[in-house]
Amino acid sequence: MSKATDRLAAIATRRAAGERSGIASICSAHPLVIEAALRHGKTRGADVLIEATCNQVNHEGGYTGMTPTDFRRFVETIAGKVGFSLDRLVLGGDHLGPNPWKHLPAPEAMTKASRMVDAYAEAGFTKIHLDASMGCAGEGAAPPDATIAARAAELAAVAEAAAERVGGTKPVYVIGTEVPVPGGALEAMDHLAVTTPEAARETVRIHRDAFSRRGLDQAFSRALGVVVQPGVEFGNAEVIAYRPEQARALAGTLRDLPQFVFEAHSTDYQPVSALTALVDDGFAILKVGPWLTFALREALYGLSHIADILAPDPARESLPAVMERVMLAAPGNWKNYYHGSEAEQRIERHFSYSDRIRYYWPAPAARQATEALMHALCDRDIPLPLISQYLGRLDGAVANGSVAPKAGELLIAGVTEVLDIYASATG
């Protein structure tokens with residue numbers, strides 16, 4: 001993966017030289033999303049950046065049950081299946097820090113975070129977002145900035161030692177965290193504020209100093225990104241689109257920070273014009289995740305309706321009905337995010353932009369229902385009028401022959417449509 005990492009490491013240099021340079025960061029553990037991303041990259045001859053979060057994948061398994069080594073094997077197996085070259089793959093770790101263990105005292109939480117970072121670096125993850133911004137037991141919501149930076153440097157030392165131990169590619173780093181905690185925003189978005197230029201510069205300064213105190217100047221020279229809030233976010237039914245004029249001062253700070261580009265989180269559901277403007281303004285790394293699984297869910301639900309018409313079977317429960325049962329039986333992944341009446345919560349469980357349903361696809365009942373749906377449609381050609389009715393955005397691609405009218409190809413195409421938007425924006 002070193003060649004792709006080297007190209008990523010040069011992203012600020014290329015931008016400074018006048019090259020339009022950006023990349024989408026694929027934040028998902030769904031196998032069909034990963035397959036779509038790798039197929040998309042292969043078709044375009046482009047690098048693919050795939051990231052896992054601290055809660056999703058860690059040395060204890062995370063909510064996916066995968067360690068970093070497991071996740072790498074998972075992605076590489078799919079890459080082999082689709083013929084994607086590993087020289088074009090970058091694996092990243094997002095929000096790596098004490099967040100999964102913030103209920104513990106800081107020394108214990110940081111010990112676990114260090115073990116996680118060691119596991120990521122040892123497994124060959126070469127883009128590391130260091131995030132120690134969350135307060136641990138007894139610390140309140142967040143520790144002082146100097147403490148955050150010192151803890152990030154502590155974790156960087158672990159990553160450097162692990163990469164040295166295994167002889168792998170030295171990681172590149174992303175610092176800063178002016179975004180919601182992993183999992184999504186809990187609060188209303190009416191007070192969303194763009195990061196100030198002073199805050200962006202201070203983030204770089206305190207991290208540079210913290211790295212230097214540990215003798216990690218060479219590691220800091222590989223820091224390439226700063227996470228900031230450019231004024232984009234999404235909730236259950238609303239999207240705040242990027243407004244360049246509000247982030248003009250922030251974007252201008254990159255003239256004083258030639259080593260860096262900005263990394264923008266929560267860019268899902270932005271129009272292509274907004275994503276393009278983000279890249280033009282130096283927000284060169286665009287995180288996307290829920291939009292990809294949202295598109296996949298749309299395609300799956302459309303196919304469920306199609307199966308009811310093409311292959312009716314009273315014994316086969318509809319996919320939406322199965323997912324409703326699964327989510328109600330285990331409400332932990334949505335109950336703190338969806339509010340309102342019972343009817344409103346039901347709509348949000350299935351159709352919210354925050355896409356909390358993505359946590360339920362690995363459940364045995366959900367997997368069985370998805371497999372039954374795909375078996376019912378098998379390899380049959382789906383008539384174009386049904387595609388138009390239930391998968392309307394894909395009917396043009398099917399009509400012109402670029403997508404086969406098969407259930408499996410339509411699922412991939414639903415995700416690819418989103419990937420195409422990011423490809424257009426990042427150049």
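**Exercise 1.** Does Y422 count as buried or exposed, and at what relative accessibility?

*Solution.* The model is predicted; local features require pLDDT of at least 70, side-chain atom pairs count only at pLDDT 80 or more, and totals for chains, interfaces and linings use all residues. Numbering starts from 1 along each chain as its sequence is written, and side-chain values rest on heavy atoms, without hydrogens and water. Buried means under 20% relative accessible area, exposed over 50%, and partly exposed in between, with a 1.4 Å probe and protein chains only. Y422 has 2% relative accessibility and therefore counts as buried.

**Exercise 2.** Classify the ring pairs that W291 forms with Y269 and with Y422.

*Solution.* Step 1: the criterion. Rings of Phe, Tyr and Trp (its six-membered ring) pair if their centres lie within 6.5 Å; planes under 30 degrees apart count as stacked, over 60 as edge-to-face and the rest as tilted.

Step 1: Y269 and W291. Their centres are 5.5 Å apart with 35° between the planes, a tilted pair. The pair links distant parts of the chain, since Y269 lies in the loop between β9 (261–264) and α10 (272–280) and W291 in helix α11, 22 residues apart. Helices (H or I, at least four residues) and strands (E, at least two) are DSSP runs, numbered from the N terminus.

Step 2: W291 and Y422. With centres 5.9 Å apart and planes at 65°, this pair is edge-to-face. W291 in helix α11 and Y422 in helix α17 are 131 residues apart.

Step 3: the setting. W291 has a relative accessible area of 13% and is therefore buried; Y269 is also buried. F234, Y269, W291, F294, Y353 and Y422 make up one aromatic cluster, and the structure holds 17 aromatic pairs.

**Exercise 3.** Check the span of helix α3 and identify what covers its buried residues.

*Solution.* Step 1: the span. The expected span is 1.5 Å times one less than the number of residues. The 14 residues of α3 should therefore span 20 Å, and the end C-alpha atoms are 20 Å apart, in agreement.

Step 1: the burial. V33, I34, E35, A36, A37, L38, H40 and G41 of α3 are buried. Their cover includes β1, β2, α4 (68–82), β3, α11 (290–310) and α17 (407–426), where contact means heavy atoms within 4.5 Å.

Step 2: the end. G45 follows α3 and has a positive phi, near 65°.

**Exercise 4.** Which residues have the most contacts inside the largest nonpolar core?

*Solution.* A nonpolar core is a set of buried Ala, Val, Leu, Ile, Met, Phe, Trp, Tyr and Cys residues joined through side-chain atoms within 4.5 Å. The largest has 124 residues, and L38, I50, F71, F283 and L303 have the most contacts inside it. Helix α11 supplies the largest share, eleven residues.
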